[in-house]
Amino acid sequence: MRHAPAGPDNSSVLIVRADPQDRDAADPHWVRVLETLTRLEARQIVFTFLPTRASSRFYQQAISAGHVVFGRHLIADPNDPTETSRLEPWPPTVGTLGKEPAFGVVALPPADHGVYRRQYAWHTVQGHRYPALENQAAQQLAGDRLPLPETPYWVNFRGGGAYLPTVELSRVLRDGLIPTVVRGRSVLIGLLPPPQTPGLHTPLDPPTGPGLSLLTFQGYALQTLLADQPIQPLSAALTLALLAIAAIANIILYQWGWPRFGPWLTGALLALYTA
C-alpha cells in the first residue's frame with residue numbers, strides 16, 4: 001500500500017467533529033448546520049448519527065435538500081448477545097413524515113489480526129440488506145456512474161494521517177469556515193468518542209499509536225469510494241511468485257559475485273508489490 005504525499009486540498013471529504021452532548025441539541029442547532037453548509041456549497045452532508053431532539057422540520061429539510069444522509073447504528077440486545085442486531089430506530093419525529101430520510105448503516109469495520117484495513121459495503125439486518133453509510137453516501141452522488149463494492153473493500157489511506165481536513169462543529173455554528181474549505185466536498189459530521197475509547201489501529205499507525213477514531217476511519221472509507229481508489233491487494237499466488245523471483249535472483253547474483261545488486265533487486269520487487 002502506498003501513502004504518497006498529498007495535501008488536504010485534494011480530498012473530497014471534510015470531517016466535522018461534534019461533542020457527544022451535541023447529539024441532544026434542539027432544532028435550531030441542526031437546522032443552522034444544514035443551512036450553513038448548504039450556503040457554503042457543500043456537495044453533500046453526511047451525519048454518522050441521528051440527532052435525537054431534532055424536529056420533523058429538520059428531517060424534512062434534510063429530505064428536501066436531496067444531498068443529506070444519516071447513519072443508523074447496529075444495536076445488539078444487551079440481555080441476549082446471541083440475538084440478531086437491529087437497526088437504531090428513527091427519532092419519533094421522523095414517523096410524522098411521508099418519506100424516510102436517506103440512511104446507511106454504521107458499525108465497527110472488520111479487523112484483520114487487530115488491524116483495520118477494510119470497511120463493510122453492506123449489512124444484512126433481520127433479513128434485510130442495507131448499504132453501509134459510506135456506500136450509501138457514495139451512491140447518492142455517483143448514481144449508476146460508479147460501480148460500488150458489494151463486499152468489504154480495502155480502504156485507501158493515501159496521503160497519511162493529515163490528508164482529510166478536520167474542523168470542530170463549533171466553527172460551523174459560528175460561521176467560522178471559509179467557502180473553499182467546504183465547497184464541493186462531502187461533509188462528514190460525527191461525534192467525538194468518549195474519553196479512554198481505544199482507537200482503530202490502521203496502516204497509518206505505529207504499533208504503539210493511539211489509532212484512528214471511527215469517524216476518521218469513515219472519512220477515509222468515504223474518500224476511497226468517492227475517488228474510486230480502493231486498494232487492490234495482490235493475490236496469494238502472485239505474492240508467492242514475487243517472493244520466489246526475489247529469492248532465486250538473489251541466489252544467482254551472489255553466485256556470480258554481484259551481491260551488491262541484491263538489495264537493489266529486492267527493493268525493486270518490493271516497490272512493485274506496494275505500488
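1. **Ground rules.** Because this is a predicted model, local features need pLDDT of at least 70 and side-chain atom pairs count only at pLDDT 80 or more, while totals for chains, interfaces and linings use all residues. Residues are numbered from 1 along each chain as its sequence is written, and side-chain values use heavy atoms, with hydrogens and water left out.

2. **The chain as a whole.** The protein chain has eight helices and eleven strands; these are DSSP runs numbered from the N terminus, with helices being H or I of at least four residues and strands E of at least two. Of its 275 residues, 42% count as buried. Here buried means under 20% relative accessible area, exposed means over 50%, and partly exposed lies in between (1.4 Å probe, protein chains only). Among contacts with a separation of 6 or more, 75% are between residues 24 or more positions apart, a contact being heavy atoms within 4.5 Å.

3. **Helix H3.** Please have a look at H3, residues 133-142, which is mostly covered: eight of its ten residues are buried. The buried residues are Leu 133, Glu 134, Asn 135, Gln 136, Ala 137, Ala 138, Leu 141 and Ala 142. After H3 comes Gly 143, with a positive phi near 60 degrees.

4. **H3 against H6.** Two packed helices are described by the angle between their axes and the distance between the axes. The axes of H3 and H6 (residues 214-226) come within 9 Å and cross at roughly 35 degrees. These axes are lines fitted to C-alpha atoms, for helices over the stretch in contact, and the angles run from 0 to 180 degrees between N-to-C directions. The crossing is right-handed, a term used if the near helix is turned clockwise from the far one by less than a right angle. From H3, the residues Leu 133, Glu 134, Asn 135, Ala 137, Ala 138 and Leu 141 meet Gln 218, Ala 221, Leu 222, Leu 225 and Leu 226 of H6. The residues of this contact divide into eight nonpolar, two polar and one charged. In this scheme Ala, Val, Leu, Ile, Met, Phe, Trp, Tyr, Cys and Pro are nonpolar, Asp, Glu, Lys and Arg are charged, and the others, Gly among them, are polar.

5. **Leu 133.** This residue of H3 is buried, with a relative accessible area of 2%. Not counting residues up to four places away in sequence, Leu 133 touches Val 46, Phe 47, Thr 48, Val 69, Phe 70, Gly 71, Gly 104, Val 105, Val 106 and Gln 218. Its C-alpha atom is separated by 9.0 Å from that of Ala 107, which is 26 residues apart from Leu 133 along the chain.

6. **Cavities.** The count comes to two cavities of 30 Å³ or more. A cavity is a set of points, on a 1 Å grid over the protein atoms alone, where a 1.4 Å probe fits but cannot get out; lining residues have an atom within 4 Å of a point. Grid points are joined across faces, edges and corners, and the volume is the space filled by probe spheres set on the points. The second largest cavity has a volume of about 30 Å³. Its lining consists of Val 105, Val 106, Ala 107, Gln 119, Tyr 120, His 123, Ala 132, Glu 134 and Gln 218, which divide into five nonpolar, three polar and one charged.

7. **Two positive phi values.** Glu 41 is not a glycine, yet has a positive phi of about 70 degrees. Glu 41 lies in the loop between helix H1 (27-39) and strand E2 (44-47) and is partly exposed, at 46% relative accessible area. Gln 126, also a residue other than glycine, has a positive phi near 50 degrees. Gln 126 is placed in the loop between strand E7 (122-125) and strand E8 (128-131), and counts as exposed at 53% relative accessibility.

8. **Leu 37.** Found in helix H1, Leu 37 is buried, with a relative accessible area of 0%. Leaving aside neighbours within four places in sequence, Leu 37 is in contact with Ala 42, Ile 45, Val 172, Val 182, Val 187 and Ile 189.

Conventions: On a 1 Å grid over the protein atoms alone, a cavity is a set of points where a 1.4 Å probe fits but cannot get out, and a pocket is an open set with protein on both sides within 12 Å along at least five of seven lines; lining residues have an atom within 4 Å of a point.
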